[in-house]
Amino acid sequence: MAIVPIRPTPTGREVRFGENELIVSKTDLKGRITYANDVFERVSGYTAEELIGAPHNLIRHPAMPRCVFHLLWDTIAKGEEIFAYVLNLARSGDEYWVFAHVTPSFDPRGVHVGYHSNRRVPHGDAIAKIKPIYAALCAEERKHADRKDAIRASTALLVQQLGAAGLDYSQFVFSLSRHTTLEEVSA
């Protein structure tokens with residue numbers, strides 16, 4: 001069983017990792033970490049002993065809108081993949097942006113047993129565009145005392161923005177950077 005550390009206070013300092021590196025993790029169906037590669041350990045600042053068995057939201061940054069994770073979990077629970085820009089919180093309180101690709105994992109019999117996530121360094125143009133969108137979604141969530149109401153309201157705002165742009169979520173994610181294509185991240 002993982003030792004769950006106390007959540008750090010965000011410092012606003014950024015942790016960087018290499019453009020050719022991948023942060024890799026696997027979880028069970030409840031989001032408890034079952035595997036973390038050395039890049040994940042180094043960038044997050046947590047040891048393997050602290051990560052294995054811990055909930056993946058251990059690294060959730062408070063500046064991330066809950067509706068993004070709600071969408072993420074809804075999508076992967078249906079057996080579909082999803083890409084998302086995510087701001088994570090390291091053990092030190094420092095932060096790091098990732099471009100995450102999350103997929104369901106299946107055993108040899110085809111039984112859904114967990115999730116696999118590869119995270120890479122995002123391009124700066126995408127982060128510049130996503131920051132104000134996430135800030136608006138978080139502001140909407142703060143208007144509601146009830147967590148479910150907050151998620152519903154921010155999800156409605158996100159859906160409204162996607163509708164106005166004529167994009168679904170996947171198209172939206174890949175529209176944020178002129179450098180990021182599905183072919184690039186699938187390679």
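Contact here means heavy atoms within 4.5 Å. The legends below describe a predicted model, in which local features need pLDDT of at least 70, side-chain atom pairs count only at pLDDT 80 or more, and totals for chains, interfaces and linings use all residues. Residues are numbered from 1 along each chain as its sequence is written, and side-chain values use heavy atoms, with hydrogens and water left out.

View 1. Leaving aside neighbours within four places in sequence, tyrosine 96 is in contact with Val15, Phe17, Ile23, Phe40, Val43, Ser44, Ile59, Val86, Leu87, Asn88, Leu89 and Ala90. A nonpolar core is a set of buried Ala, Val, Leu, Ile, Met, Phe, Trp, Tyr and Cys residues joined through side-chain atoms within 4.5 Å; buried means under 20% relative accessible area, exposed over 50%, and partly exposed in between, using a 1.4 Å probe and protein chains only. The largest such core has 48 residues, and those that touch the most other members are Tyr85, Tyr96, Ile130, Tyr134 and Tyr169. At least two residues of this core come from each of β2 (33–36), α1 (38–44), α3, β3, β4, α4, α5 and α6. These element names follow DSSP runs numbered from the N terminus, with helices being H or I of at least four residues and strands being E of at least two.

**View 2. Helix α3 and its packing partners.** Helix α3 covers residues 66–77, twelve in number, and reaches 16 Å from its first C-alpha to its last, close to the 16 Å expected at 1.5 Å a residue. That expected span is 1.5 Å times one less than the number of residues in the helix. Look for Cys67, Val68, Phe69, Leu72, Thr75 and Ile76, the buried residues of α3.

View 3. Glycine 79 follows α3 and has a positive phi, near 90°. Its place is in the loop between α3 and β3. With a relative accessibility of 37%, glycine 79 counts as partly exposed. Leucine 157 is 78 residues from glycine 79 in sequence and 25 Å from it in space, C-alpha to C-alpha.

View 4. A disulfide is taken as a pair of cysteine sulfur atoms within 2.5 Å. By this rule the count comes to zero disulfides. Cysteine 67 is in no disulfide, and the nearest cysteine sulfur, that of cysteine 138, is 7.9 Å away. Cysteine 67 is buried at 2% relative accessibility, and cysteine 138 is buried too, with a relative accessible area of 7%. Serine 154, found in helix α5, is buried with a relative accessible area of 0%. Not counting residues up to four places away in sequence, serine 154 touches Cys67, Leu137, Glu140 and Glu141.

View 5. Rings of Phe, Tyr and Trp (its six-membered ring) pair if their centres lie within 6.5 Å; planes under 30 degrees apart count as stacked, over 60 as edge-to-face and the rest as tilted. A search of the whole structure finds seven aromatic pairs. In one of them, tyrosine 85 and phenylalanine 99 are tilted, at 4.5 Å centre to centre and 35° between the planes. Tyrosine 85 lies in strand β3 and phenylalanine 99 in strand β4, so this pair ties together parts that are 14 residues apart in sequence. Tyrosine 85 is buried at 1% relative accessible area, and phenylalanine 99 is buried at 3%. Phenylalanine 99 also pairs edge-to-face with phenylalanine 174, at 5.8 Å centre to centre and 90° between the planes. Phe83, Tyr85, Phe99 and Phe174 form one aromatic cluster.

**View 6. Charges over rings.** A charge sits over a ring if NZ of Lys or CZ of Arg is within 6 Å of the ring centre and within 35 degrees of the ring normal. Arginine 60 lies over the face of phenylalanine 69, at 3.9 Å from the ring centre. The charged end of lysine 26 sits over the ring of tyrosine 35, 5.6 Å from its centre.
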